[in-house]
Amino acid sequence: MRTSRPRSRPSTSGPATRRRRPRVRAGGMAVLVAVMASLASPALRATGRSGPGVPVSMVEIHSAHGASYVPALQGKRPLFILALGSDARPGQSVTKQRSDSIHIIGVDLVRHRATILGFPRDSWVHIPGHGTTKINTAMSLGGPALAVRTVESVTGIRIDFWMLTSFGGLRRMVNGIGGLRVYVPRPMHDRFSGANFRRGIHRFNGPKALAFARDRHDVPGGDLGRSRNQGRLMIAALSKLHRVFDKDPTRIFGWIAVGWRNIRTDLSVRTLLDLAFTASSIPLDHVKNLVVPASVGKVGSASVVFITSAARRIYADMRKDGVVG
Amino acid sequence: VFPLSATGSVSTGKRNAGAVRAAAAKVQGTLSAFYDAAFLDPATRRQALPASAWNAFARDVQEQARSDAASLTLGETGPNIDTLSLTNATLSVRVLLDPQGRPQAAVATVAFDASGMLKGGEAVVVTNRASFLLRPAGASWVVVGYPDARTDVQSPTPSPSGTASPAPAASGSFSPGASP
């Protein structure tokens, strides 16, 4: 838990944490129609519905549909979450293995935008106190706290919270929310991960989602392409959250419970719920999915990824408001 | 106003049925008080909803809620309704528990139907459907959000042909509530 570091986090409660959902509902159009109808004629609109017994018409006197207000995090500075995926096998400590999936999720709380920035697991970086090595070893050397410090050291971005899951955790989460619809941009046939998908939209259960997230052998750029696909899964989850929440807000608690059981985090349940509400208010087209610019190379006999200098502009951009662009 | 038609919980750790029941009862109290003031109490219906009624909402949400009064209450039609009686009210509450079994939040789903008479003598039917997010605030629970809220006020008028007919001119004096 990283709760003692003095820093100002975006507010997770209190007066500045609410906002109206930025969307137009069909109900809003209904109100507009009703207003126009009432302006056009003093006789109000007749809906023409009939009840049992004596036929009746229902004259609408007042109709106000679609007021919607969802609490969301708000703050002057952006929110940064480090999402980690451990490569722990059954029986191993999730927090003491390598993190083979590493993403900063930056959220612009003012303009309700987000950027997912992935780091290839083999990125050759400085790990505080441990010299230069692959970024994924940071967690095995010092747990999520060192993974956070490493990413902060590389990017200059201050991480607010971390979340960590495992292979099994991802499988269970995807199953727990009833699967995900994911666009697979090119065919994937990889016997190592088990990914075997045609190009197009797929409905993934937990094991398929995991295979999609793990495949690096036949995706463009290998580890870089895999990192981008992991971002695609996150966006697919966000899309499903929107649909679920719009249809039945009570189901968001089920998501929180499924998430809580399958992640390690320094968030509280309450803040996780705040994050879920915040996520439900971020339009999908306000989310960017990027991977740090990098090239593949060798250090000795080890295959590594060198993050290029172009990444510095991305970090600087994200530090400002949480997003790129 | 509301009998509790269903209570449920989502646990992230320890279960605590007693805490869920207590939380649901407080949610019931908060929403019953608000709906009573916003719909059923003739005194508050005829005038603007008193400021105290908005205490059902968290302080920082009250301004937004007031601006959404047309969806959350009878809005401007309230003063034109002479009598109104509850015909149906259901409330289901789902409580989120933290790992220690402490209630952290609740989602309440409301169905509210009432019927009565307009001041001009016409019958009136009121339908409200809403979902509310609530959180504990001290000893009570307050509304911190409403993912969906709508109110319809309709007047059933006899129509021998069973087809739509124009409304009586008297109804024209009512204006639809402000668009949210």
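In chain B, residues 24 or more positions apart account for 64% of the contacts with a separation of 6 or more, where contact means heavy atoms within 4.5 Å. The model is a predicted one, so local features need pLDDT of at least 70 and side-chain atom pairs count only at pLDDT 80 or more, while totals for chains, interfaces and linings use all residues. Side-chain values use heavy atoms, with hydrogens and water left out; residues are numbered from 1 along each chain as its sequence is written, and chains are lettered from A and ligands numbered from 1 in the order in which they are written.

Let me stay with chain B. Its secondary structure comes to four helices and five strands; these are DSSP runs, numbered from the N terminus, with helices being H or I of at least four residues and strands being E of at least two. Along the sequence, the pattern of chain B reads β-α-α-α-α-β-β-β-β. Of the 180 residues in chain B, 52% are buried. Buried means under 20% relative accessible area, exposed means over 50%, and partly exposed lies in between, with a 1.4 Å probe and protein chains only. The accessible surface of chain B is about 7000 Å², and 53% of that surface belongs to carbon and sulfur atoms; such areas come from the Shrake-Rupley method with a 1.4 Å probe, and for residues only the protein chains shown count as cover.

Which residues have the most contacts inside the largest nonpolar core? They are F57(B), F132(B) and Y146(B), in a core of 107 residues. A nonpolar core is a set of buried Ala, Val, Leu, Ile, Met, Phe, Trp, Tyr and Cys residues joined through side-chain atoms within 4.5 Å. Helix α1 of chain B, residues 17-40, gives the largest share of this core, 11 residues. Apart from this core lies another, of 28 residues, including V94(A), I127(A), I159(A) and V324(A). In soluble globular proteins, nonpolar side chains tend to be buried together. To return to F132(B), its contacts include L31(B), Y35(B), F57(B) and Y146(B), leaving aside residues up to four places away in sequence.

I now turn to chain A. Its secondary structure comes to eight helices and 16 strands, and 56% of its 325 residues are buried. The accessible surface of chain A is about 14000 Å², with 55% belonging to carbon and sulfur atoms.

Consider helix α8 of chain A, residues 311-321, where A311(A), I314(A), Y315(A), D317(A), M318(A) and D321(A) are buried. Why do these buried residues line one face of the helix? Seen down the axis of α8(A), they fall within an arc of 165°, the arc being that of the directions from the helix axis to the C-beta atoms. R312(A), R313(A) and K320(A), on the other side of α8(A), are exposed. The buried residues of α8(A) pack against several elements of chain A, among them β3 (79-86), β4 (99-108) and α2 (137-155). After α8(A) comes G322(A), with a positive phi near 90°.

The next element is helix α5 of chain A, residues 223-247, which packs with helix α6, residues 251-262, at an angle of about 145° and with axes 9 Å apart. Axes are lines fitted to C-alpha atoms, for helices over the stretch in contact, and angles run from 0 to 180 degrees between N-to-C directions. On the α5(A) side the contact includes K240(A) and F245(A), and on the α6(A) side it includes W255(A).

K240(A) is buried, with a relative accessible area of 10%. Its C-alpha atom is 9.5 Å from that of G178(A), 62 residues apart along the chain. Another residue of α5 is Q230(A), which counts as buried at 10% relative accessibility. Among the residues that Q230(A) touches are D100(A) and H103(A). H103(A) itself lies in strand β4 of chain A and is buried, with a relative accessible area of 0%.

Where is H112(A) placed? H112(A) is in the loop between β4 and β5 of chain A. Its phi is positive, about 55°, although it is not a glycine. Most residues other than glycine have a negative phi. H112(A) is also buried, with a relative accessible area of 13%.
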